[in-house]
Amino acid sequence: EKGTYPHYMLKEIDEQPSVVRKIIQAYENEQGELAIDPAIAEALHEADRLYIIAAGTSYHAGLVGKEYFEKIARIPVEVHISSEFGYNMPLLSEKPLFIFITQSGETADSRQVLVKIKELGYPTLTITNVPGSTLSREADYTMLLHAGPEIAVASTKAYVAQVAVLAIAAYVEAKSQRIEVNFDLKKELAIVANAIQSIVDSKEVFEIASKDYLSTTRNAFFIGRNIDYCVSVEGALKLKEISYIQAEGFAGGELKHGTIALIEEGTPVIALVTQKSVSLNIRGNVKEVTARGANPCIISMEGMEQDGDAIVLPQVHPLLTPLMSVVPLQLISYYAALYRGCDVDKPRNLAKSVTVE
Ligand code: M6R
């Protein structure tokens, strides 16, 4: 039930701090350390390459998951859109493990890949929010998201849960391989939960930002580099699906290869700046679009150098920023949809779970 909330989407955005805390608990062993099912740990260990298969927001979570498995656990990863993979399978490695990310566990595009992969005899893991769902039942292993029912068509808390569970899987795998990991994920996730809490507690900031940047525009761009780029594509999807504003997420460096031609007087460009290693580059991109008339909204993080930033988020571990930086993007999309009088929870032409190919 949505209780006093006007929309499920807002309720689900607000639930995100408690979802992160619940996941920490759900993946803790008796010693209070993060742990996963030993059979899944074994499957990860055996694999020479992970193939992440997903659609929509779950695909975007997979892009972040690739960063985690490669950077933390040193396992190579490919991330594929399910509707493409099923009909155009790439050359596979010798010992692949297939990871299906799906909030509902019912997405037909993802299921058709699972069916084909099972015929080929490869091991499969489903990461889902719904115990007993089709993809959970049909895969060899399941990891649950523990996000609670997600009702709004626009996925919010499931994305955050997916990214958190992927981080835990990569971290536990790295530890079990005695790969040096120089941070305590459990502690860092607790910091993330608090950071998200402070963001959802200051909603007016995002309501104002949404009004300033998005209330009348026809289009909008989200830019970022590295892990911020993964989040920018999710921010764009959120805005498209509920506010019907044409939006795209771009890698900052790609702008000059074509997209910058679209910048006009007043075009909103929302830039994520949470990664020190590329902050100068992305700030350079912001200057390039501003010089051509764009209306930039820089979202950065405490501990980073600042330069005319519109919104400064609390500091979290650099690899975990997607869990937090997605939240302002969810909120500004929510308010943009409200201003435009859109049906936030049930956007046109969309269904919560897409059970047709
Ligand atoms: O249930 P799934 O995670 O498999 O669903 C995949 C997509 O249909 C879903 O993420 C969709 O993109 C959302 N409406 C995004 O907010």
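How far from an oxygen atom of the ligand does a polar side-chain atom of E241 lie? In this predicted model, the separation between that polar side-chain atom of E241 and the ligand oxygen is 2.3 Å. Taken along the principal axes, the box filled by the C-alpha atoms of the protein chain is roughly 55 × 45 × 45 Å.

**The ligand and its surroundings**

- Around the ligand there are 14 residues, and those that come nearest are S58, T102, S104, T107 and E241.
- The side chain of T107 has an N or O atom that is 2.4 Å from an oxygen atom of the ligand, while V153 takes part through its backbone, with an N or O atom 3.0 Å from a nitrogen atom of the ligand.
- On its own the ligand has 410 Å² of accessible area, and the protein covers 90% of that area.

**The sheet that contains β1 to β5**

- Five strands form an open sheet in the order β2-β1-β3-β4-β5, and their pairing is parallel.
- At the edges of this sheet stand β2, residues 77-81, and β5, residues 141-144, each of which pairs on one side only.
- From one strand to the next, the twist of this sheet averages 20°.
- Four bridges link β4, which spans residues 124-128, to β5 in the parallel sense, and L125 has Y141 in β5 as its bridge partner.
- As background, the strands of a sheet pair through backbone hydrogen bonds, and they may do so in either a parallel or an antiparallel way.

**Helices that pack on this sheet**

- Helix α3, made of residues 38-46, packs on the sheet and touches β1 (49-54), β3 (96-102), β4 and β5, with its direction at about 110° to that of β5.
- Helix α6, made of residues 108-120, lies across β1, β3 and β4, and it runs at about 160° to β3.

**The sheet that contains β6 to β10**

- Another open sheet of five strands has the order β7-β6-β8-β9-β10, again with parallel pairing.
- Here the edge strands are β7, covering residues 246-251, and β10, covering residues 311-313, and each of them pairs on one side only.
- The twist in this sheet averages 20° from one strand to the next.
- Strand β9, residues 295-301, runs parallel to β10 and is joined to it by three bridges, and M301 has L313 in β10 as its bridge partner.
- Helix α12, residues 279-291, lies across β6 (219-224), β8 (268-273) and β9, running at about 170° to β8.

How values were computed:
Residues are numbered from 1 along each chain as its sequence is written. This is a predicted model: local features need pLDDT of at least 70, side-chain atom pairs count only at pLDDT 80 or more; totals for chains, interfaces and linings use all residues. Side-chain values use heavy atoms; hydrogens and water are left out. Two strands pair if DSSP finds at least two bridges between them. Helices (H or I, at least four residues) and strands (E, at least two) are DSSP runs, numbered from the N terminus. Axes are lines fitted to C-alpha atoms, for helices over the stretch in contact, and angles run from 0 to 180 degrees between N-to-C directions. Contact means heavy atoms within 4.5 Å. A residue is near a molecule or strand if one of its heavy atoms lies within 4 Å of it. A polar contact is a pair of N or O atoms within 3.5 Å; within protein, one must be able to donate a hydrogen and the other to accept it, and residues adjacent in sequence count only if both atoms are side-chain atoms. Accessible areas come from the Shrake-Rupley method with a 1.4 Å probe; for residues, only the protein chains shown count as cover.
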